[in-house]
Amino acid sequence: MAIITKDTKEGYEACGKPKVLAEERVWAFSGGAFRDPQWPRKNIHTDLEFAKNCGSPTRAVSATQYMGHLAELMIGLFGEKWFKQGKMSLKFIAIVDVGDRLFSKAIVRSKEKEGGGIRFNLEVWCENQHGNKVAVGSASCLV
């Protein structure tokens with residue numbers, strides 16, 4: 001069941017369940033094919049030494065992993081409507097490391113009449129355990 005309805009007010013805030021980016025998930029997502037004898041492949045996502053050799057201070061978890069956290073929050077807020085009427089645009093602004101704890105957040109910024117419904121426009125972001133934003137953007141959905 002969707003949480004956002006036509007009666008939801010501007011300023012409504014939502015926060016997804018905190019998620020820790022476990023090393024095993026990073027390997028599964030960015031380590032290549034499981035059957036590869038060199039699994040997990042060494043790259044900026046899976047190997048600290050490799051990342052530092054590329055000039056990164058640490059491993060960088062693939063941003064599409066935590067983009068999924070925001071998508072999960074939108075599905076929780078809008079239900080199945082998200083799949084047909086939802087849009088999201090993100091910028092990834094900071095490195096997320098293995099072991100970081102992320103919080104997906106959203107706030108309703110405006111509502112606009114559209115056809116027979118209301119389009120909700122949200123500010124969305126992910127922040128880490130230190131309160132630093134790592135992804136920022138917008139989302140909208142017709143209700």
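Buried means under 20% relative accessible area, exposed over 50%, and partly exposed in between (1.4 Å probe, protein chains only). With that in hand, welcome to this structure. It is a predicted model, in which local features need pLDDT of at least 70, side-chain atom pairs count only at pLDDT 80 or more, and totals for chains, interfaces and linings use all residues. Residues are numbered from 1 along each chain as its sequence is written, and side-chain values use heavy atoms, with hydrogens and water left out.

**Salt bridges**

- Side chains of opposite charge can pair when their charged atoms come close.
- A salt bridge here is a side-chain nitrogen of Lys or Arg within 4 Å of a carboxyl oxygen of Asp or Glu.
- Searching the whole structure turns up nine salt bridges.
- One of them joins Arg41 to Asp36, with the closest N and O atoms 2.3 Å apart. Arg41 is partly exposed at a relative accessible area of 47%, whereas Asp36 is buried at 14%.
- Another pairs Asp47 with Lys42, where the closest N and O atoms are 3.6 Å apart. Asp47 counts as buried at 17% relative accessibility, while Lys42, at 59%, counts as exposed.
- Glu123 and Lys133 also form a salt bridge, their closest N and O atoms being 3.8 Å apart. This pair links distant parts of the chain, ten residues apart: Glu123 lies in strand S5 (residues 117–127) and Lys133 in strand S6 (residues 133–142). Glu123 is partly exposed, with a relative accessible area of 26%, and Lys133 counts as partly exposed at 35%.
- Glu23, Arg59 and Asp97 are linked in a network of salt bridges.

**Helices and strands**

- Helices (H or I, at least four residues) and strands (E, at least two) are DSSP runs, numbered from the N terminus.

- You can find His69 in helix H3 (residues 63–78).
- His69 is buried, with a relative accessible area of 13%.
- Setting aside neighbours within four places in sequence, His69 is in contact (heavy atoms within 4.5 Å) with Lys19, Leu21, Leu102 and Ser104.

**A cis peptide bond**

- Trp39 and Pro40 are joined by a cis peptide bond, with omega at about -10 degrees.
- Pro40 sits in the loop between helix H1 (23–30) and helix H2 (48–53).
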